[in-house]
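Here is a short briefing on one protein chain. Please look over the sequence and the structure first.

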Amino acid sequence: MNKNIIICDLILYLIFPLVIWNVFKNYMDDYYAMLISSVPGIVYSFIRFILLKKINLFGVALISNLSVGILIDVLAGSAIQMLWNEVFYSYIVAFTFIVTILINKPIFLLFSLDFVEMQGHTREHMKKVFYQKKILFIFKLMTYGFALRDILLATIKTWLIQKYGIQSFDKGLILRQILSWTITGISMYGFIYISKCLNSPEQVTNSKPTIRENNP
């Protein structure tokens with residue numbers, strides 16, 4: 001995982017929101033303090049979208065997730081409802097990830113196709129490579145991992161809300177980052193394994209006919 005991304009995530013998704021929440025909740029309604037605390041993360045996500053410099057599935061997913069997140073927060077109307085909306089949304093996202101696996105189009109395989117295409121590779125060729133049985137299985141496991149992250153996050157948040165009410169907000173932020181970094185770290189091993197598979201002598205031999213077909 002890129003060191004700069006980790007630092008930016010830590011500052012803009014965790015530190016800034018925690019500081020803003022703990023300061024502003026003393027001067028305004030909890031709901032508005034929560035909304036304001038989400039601004040750094042929103043701006044950061046939007047900048048990430050701009051830096052992609054290309055509209056693709058990953059970019060659409062990023063901006064859609066951002067837009068839906070803003071919408072459910074604004075429409076919540078109260079701090080406690082905002083927390084519950086985030087729980088429901090996490091379950092929906094997890095369900096969506098699982099559906100992509102069931103239809104044999106794991107979302108992280110599709111995201112990876114976006115990234116390799118941005119690096120100059122032929123999308124159709126890489127799609128054939130990624131859909132090999134062994135590599136497809138790894139992408140499915142990675143997608144399951146992120147679905148599990150959202151299920152765990154939503155389930156633990158439910159318990160936190162029931163136990164601590166509004167005060168579970170900062171605990172939820174910390175939990176989200178811990179789970180995100182953990183699953184992302186594990187997924188990196190998946191990408192490393194896929195890279196080794198693609199660079200293996202057997203893979204190079206098997207891919208030659210396909211390369212010649214794409215480049216007559």
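The notes below cover the fold, the cores, the salt bridges and the surface.

This is a predicted model, in which local features need pLDDT of at least 70, side-chain atom pairs count only at pLDDT 80 or more, and totals for chains, interfaces and linings use all residues. Residues are numbered from 1 along each chain as its sequence is written, and side-chain values use heavy atoms, with hydrogens and water left out. The chain has 10 helices and zero strands. Helices are DSSP runs of H or I with at least four residues, strands are runs of E with at least two, and both are numbered from the N terminus.

**Overall fold**

- Of the 216 residues, 41% count as buried. Buried means under 20% relative accessible area, exposed means over 50%, and partly exposed lies in between (1.4 Å probe, protein chains only).
- Among contacts with a separation of 6 or more, 71% join residues 24 or more positions apart. A contact means heavy atoms within 4.5 Å.
- The accessible surface is about 12400 Å², and carbon and sulfur atoms hold 68% of that. Areas come from the Shrake-Rupley method with a 1.4 Å probe; for residues, only the protein chains shown count as cover.

**Nonpolar cores**

- The largest nonpolar core has 23 residues, and Leu109, Leu113, Phe130, Ile135 and Phe139 have the most contacts inside it. Helices α5 (79–102), α6 (107–118), α7 (123–130), α8 and α9 each give two or more residues to this core.
- Apart from it lies another core of 16 residues, including Leu14, Leu18, Met34 and Ala76. A nonpolar core is a set of buried Ala, Val, Leu, Ile, Met, Phe, Trp, Tyr and Cys residues joined through side-chain atoms within 4.5 Å.
- Leu113 touches Arg123, Met126, Lys127 and Phe130, leaving aside neighbours within four places in sequence.

**Salt bridges**

- The structure holds three salt bridges. Each needs a side-chain nitrogen of Lys or Arg within 4 Å of a carboxyl oxygen of Asp or Glu.
- Lys157 pairs with Glu86, with the closest N and O atoms 3.2 Å apart. This pair links distant parts of the chain, helix α8 and helix α5, 71 residues apart. Lys157 is buried at 10% relative accessibility, and Glu86 is buried at 18%.
- Arg123 pairs with Asp114 at 3.0 Å between the closest N and O atoms. Arg123 is partly exposed at 25%, whereas Asp114 is buried at 2%.
- Asp150 pairs with Arg149 at 3.3 Å between the closest N and O atoms. Asp150 is buried at 5%, and Arg149 is buried at 17%.

**A buried charge without a partner**

- Asp170 sits in helix α9 (residues 168–199).
- Asp170 is buried yet has no salt bridge; the nearest side chain of opposite charge, Lys171, is 4.1 Å away. Lys and Arg count as positive, Asp and Glu as negative, and His and the chain ends are not counted.
- Beyond neighbours within four places in sequence, Asp170 contacts Leu18, Trp21 and Asn22.

**Surface patch**

- Helix α1 (residues 3–24) gives the largest share, eight residues.
- Tyr27 lies in the loop between α1 and α2 (30–37). Tyr27 is exposed at 70% relative accessible area.
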